[in-house]
Amino acid sequence: MYLNHISEAIGRTPLVKLNKVTDGVKATILAKVEYFNPGNSVKDRMALKMIEDAEKAGILKPGGTIIEGTSGNTGMGLAIAATARGYKCIFTLTDKQSKEKMDILRAVGAEVIVCPTNVAPEDERSYYSVAKRLNSEIPNSFYPNQYDNLSNTAAHYETTGPEIWQQTEGKVTYLATGVGTGGTICGISKYLKEQNSAIKAIGIDTYGSVFKKYKETGIFDENEIYPYKTEGIGEDILPKNVDFNLIDHFIKVSDKDGAVMTRRLAKEEGLFVGWSCGSAVFGALEYARENLTEQDTMVIILPDHGTRYLAKIYNDDWMREQGYID
Ligand code: PMP
């Protein structure tokens, strides 16, 4: 028994009960551990789907180049799927992303272009703009645009959602996940709400991101936008994959609370995961303590692996420099 390519190993990730970090919570808390994907992140699922859908639509042709603005994980997913199919990959990243993420992308054969973080999305130096420009300049190139490409949400509607429904035998009552492009939360939420309309989806947002305020007031407030350190969640734009009707409530989690909880997940649960995982768990448990009963089952998505954050949140000196630990 063997797979024809490593991309066939995407999905069917384990659901694991959290036991130690859940003090004060009555509900059953289950973590969907997405680092079991071959690229060690949840983004493998949508990367493969964006490529497959583009091939079907004739947008991506043999010998093509894939160009994407990515915080690293989507790039890894795209690069894995691209190797089997012979595509070249060029990725634009912001300079706040960890060096590990850049090295990993180069290791799987991609070209990496580092762009400044603190410029507006429409600025010609932003990682969105550079990706778009390269796409217009390089012949036979495909710009997946994970923010607005609805194959992203579809991947989770088709795989992650059904997996959670089956793994919980329909007992899931809450979903909690960090929101970046919105594909993860919206794809899963759409599937779960179709099975049981009472299921609620809780989005985890960062301080410095527009989502929570927009959901609560309908106002895109530029004052909500400022630099923060958590990687992969929160945005200064409204991606098409974020369908606010599928997200019932947002919680903002600080860089520090997310980072400290990530380290607790590794030490206390044996889950060596990435920063946004701690953010998702911290925010989800805060909500669960207030709102959930013994009857509830909450599934929290843990998007990626801890290796990508060794020089940051798993480094005591770095944590002290940030003032996150004494
Ligand atoms: N966490 C990490 C580490 C990520 O890379 C991403 C993707 N940006 C997310 C969470 C959020 O997932 P989504 O883009 O599907 O909202």
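Guide: One definition to start with. A residue is buried if 20 or more other C-beta atoms lie within 10 Å of its own, and exposed if 12 or fewer do. Also keep in mind that this is a predicted model.

Visitor: Where does Arg12 sit?
Guide: In the segment before β1. Its phi is a positive value, near 50 degrees, and Arg12 is a residue other than glycine.

Visitor: Which other residue has a positive phi of about 50 degrees although it is not a glycine?
Guide: Asn145 does. Look in the loop between β6 (141–142) and α5 (151–167).

Visitor: And is Asn145 buried or exposed?
Guide: Asn145 counts as buried, because it has 20 C-beta neighbours inside 10 Å.

Visitor: Let's do sheets. What is the strand order in the open sheet of six?
Guide: The order is β1-β2-β10-β7-β8-β9, and the pairing is mixed.

Visitor: Which strands stand at the edges there, and why does each have a side without a neighbour?
Guide: β1 (15–17) and β9 (249–253) do. Each has a single partner strand, so one side of each has no neighbour in the sheet. From one strand to the next, the twist averages 25 degrees.

Visitor: Start at the β1 end. How many bridges pair β1 with β2?
Guide: Three, and the two strands pair in the antiparallel sense. Strand β2 covers residues 28–33. Leu15 has Lys32 in β2 as its bridge partner.

Visitor: Now the other end. What joins β8 to β9?
Guide: Five bridges, with the strands running parallel. Strand β8 is residues 200–206. Asp205 stands opposite Lys252 in β9.

Visitor: What makes a β-α-β unit with β8 and β9?
Guide: Helix α7, residues 211–217. The unit is right-handed.

Visitor: What about β7? Why is it called largely enclosed?
Guide: Five of the five residues of strand β7 (residues 174–178) are buried, so the rest of the structure largely encloses it.

Visitor: Which way do its residues point?
Guide: Tyr174, Ala176 and Gly178 point one way from β7. Leu175 and Thr177 point the other way. All are buried.

Visitor: How many bridges pair β7 with β8?
Guide: Five, in the parallel sense. Gly178 has Ile204 in β8 as its bridge partner. Helix α6 (residues 183–195) makes a right-handed β-α-β unit with β7 and β8.

Visitor: And what joins β7 to β10?
Guide: Three bridges, and these strands run parallel. Strand β10 is residues 297–302. Ala176 has its bridge partner there, Ile300.

Visitor: Next topic. What is the order in the open sheet of four strands?
Guide: β5-β4-β3-β6, with parallel pairing. β5 (111–115) and β6 stand at the edges. Each has a single partner strand, so one side of each is left without a neighbour in the sheet.

Visitor: How many bridges pair β3 with β6?
Guide: Two, in the parallel sense. Strand β3 is residues 65–69. Ile66 lies in β3, and its bridge partner in β6 is Phe142.

Visitor: Is Ile66 buried or exposed?
Guide: Buried, because 26 other C-beta atoms lie within 10 Å. Ile66 and Pro144 are 78 residues apart along the chain, and their C-alpha atoms are separated by 7.4 Å.

Visitor: How far apart are Met261 and Thr74?
Guide: In space, 24 Å from C-alpha to C-alpha. In sequence, they are 187 residues apart. Met261 is in helix α8 (residues 255–269). It counts as buried, because it has 24 C-beta neighbours inside 10 Å.

Visitor: Last topic, the ligand. Which residues come nearest?
Guide: Gly180, Thr181, Thr184, Gly232 and Ser276, out of the 17 residues around the ligand.

Visitor: What classes are in that shell?
Guide: Three nonpolar, 11 polar and three charged residues.

Visitor: Which domains does the shell draw from?
Guide: Domain 1 (6–36 + 160–322) and domain 2 (43–142), with at least three residues from each.

Notes:
Residues numbered from 1 in each chain as written. Predicted model: local features only at pLDDT ≥ 70, side-chain atom pairs only at ≥ 80, totals over all residues. Pairing = 2+ DSSP bridges. Axes fitted to C-alpha atoms, helices over the stretch in contact; angles between N-to-C directions. Near = placed C-beta within 6 Å. Nonpolar A, V, L, I, M, F, W, Y, C, P; charged D, E, K, R; others polar. Domains from an automatic or database assignment. Right-handed = clockwise from strand over helix to strand, strands pointing away.
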